[in-house]
Amino acid sequence: MRAIQGSLIVASTLQIVLGFSGLWRNVTRFLSPLSAVPLVALAGFGLYELGFPGVAKCVEIGLPQLVLLVFVSQYLPHLFHSGKHIFDRFAVLFTVVIVWIYAHLLTVGGAYNDSAPKTQMSCRTDRAGLISGAPWIRVPYPFQWGAPSFDAGEAFAMMMATFVALVEVSFLCFLYSLVCQ
């Protein structure tokens, strides 16, 4: 955690410098969909091996999560034309809450009582220890794990992650400006 704190400090300093100096405005002139889409796609494809095996462990919960996420993020914003983009911005949070309630109802209803222990561990809401082990109300404070440690490799990795985030946000702003004109 101390190394993550240090790398976040370095990466956020890079974002602050790029944003307030106006250098990022010069970079975004060269970002077109042709250059941004491969970067965003490769970042997403890199996360594929982390996400989809988790979905495959419990298909009866993972598949409804994916379908509901697509529905909430892509279709609900067009049904409710409010000035606020609640469903666009918080689609993941909405669907996680809904599917967690669904998974809890499956657990309470006894859907996993006769299934394999591996399935029970990944599908049941009472076996994972998430509820009992979660500190529900906790106020974080700076440097609560001690003084941050700075490592060049970790800082470089975090700077690349924030660079990808900058490109994604710039690309989304570009698309939003095209759609709203």
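Me: Where do F71 and Y75 lie, and how many residues apart are they?
Reply: Both residues belong to helix α5. They are 4 residues apart, which is about one turn of the helix. Please note that the model is predicted.

Me: Is F71 buried or exposed, or partly exposed?
Reply: F71 is partly exposed, since its relative accessible area is 37%.

Me: How many aromatic pairs are there in the whole structure?
Reply: A search of the whole structure gives 2 aromatic pairs. In one of them, the ring centres of W24 and F163 are 5.7 Å apart and the planes stand at 90 degrees, so this pair is edge-to-face.

Me: Where do W24 and F163 sit in the chain?
Reply: W24 is in helix α2 (residues 23-28), while F163 is in helix α10. The two are 139 residues apart, and their pair links distant parts of the chain.

Me: Are those two buried or exposed, or partly exposed?
Reply: W24 counts as buried, with a relative accessibility of 11%. F163 has a relative accessibility of 32% and therefore counts as partly exposed.

Me: Why quote both a distance and an angle?
Reply: The distance of the centres and the angle of the planes are what describe a pair of aromatic rings.

Me: New topic. How many helices and strands does the protein have?
Reply: The secondary structure consists of 10 helices and 0 strands. Read from the N terminus, the order of elements is α-α-α-α-α-α-α-α-α-α.

Me: What share of the residues is buried?
Reply: Of the 181 residues in the protein, 19% are buried.

Me: And what about the accessible surface?
Reply: The accessible surface of the protein is about 13,200 Å². Carbon and sulfur atoms hold 72% of that surface.

Me: Which residues make the nonpolar surface patch?
Reply: The patch is made by Y48, F52, V59, L63, L66 and V67, and its area is about 550 Å². Helices α4 (48-57) and α5 (59-79) each contribute at least two residues. The largest share, 4 residues, comes from α5.

Me: Is V59 buried or exposed, or partly exposed?
Reply: V59, which is in helix α5, counts as partly exposed because its relative accessibility is 43%.

Me: Now S7. Where is it, and what does it touch?
Reply: S7 is in helix α1 (residues 2-21). Leaving aside residues up to four places away in sequence, S7 touches E154, A155 and M158. A polar atom of the S7 side chain also lies 3.0 Å from the backbone oxygen of I4.

Me: Why does S7 count as buried?
Reply: S7 counts as buried because its relative accessibility is 4%, and the cut-off for buried is under 20%.

Me: How much of the contact total joins residues 24 or more positions apart?
Reply: Among contacts with a separation of 6 or more, 67% join residues 24 or more positions apart.

Me: Last one: what is the phi of F143?
Reply: The phi of F143 is near 60 degrees, a positive value in a residue other than glycine. Most residues other than glycine have a negative phi. F143 lies in the loop between α9 (130-133) and α10 (152-179). With a relative accessible area of 46%, F143 is partly exposed.

Technical notes
Residues are numbered from 1 along each chain as its sequence is written. This is a predicted model: local features need pLDDT of at least 70, side-chain atom pairs count only at pLDDT 80 or more; totals for chains, interfaces and linings use all residues. Side-chain values use heavy atoms; hydrogens and water are left out. Buried means under 20% relative accessible area, exposed over 50%, partly exposed in between (1.4 Å probe, protein chains only). A polar contact is a pair of N or O atoms within 3.5 Å; within protein, one must be able to donate a hydrogen and the other to accept it, and residues adjacent in sequence count only if both atoms are side-chain atoms. Contact means heavy atoms within 4.5 Å. Patches are made of residues with over 30% relative accessible area and no salt bridge: like charges are joined within 9 Å, nonpolar side chains (Val, Leu, Ile, Met, Phe, Trp, Tyr) within 5 Å. Accessible areas come from the Shrake-Rupley method with a 1.4 Å probe; for residues, only the protein chains shown count as cover. A salt bridge is a side-chain nitrogen of Lys or Arg within 4 Å of a carboxyl oxygen of Asp or Glu. Rings of Phe, Tyr and Trp (its six-membered ring) pair if their centres lie within 6.5 Å; planes under 30 degrees apart count as stacked, over 60 as edge-to-face and the rest as tilted.
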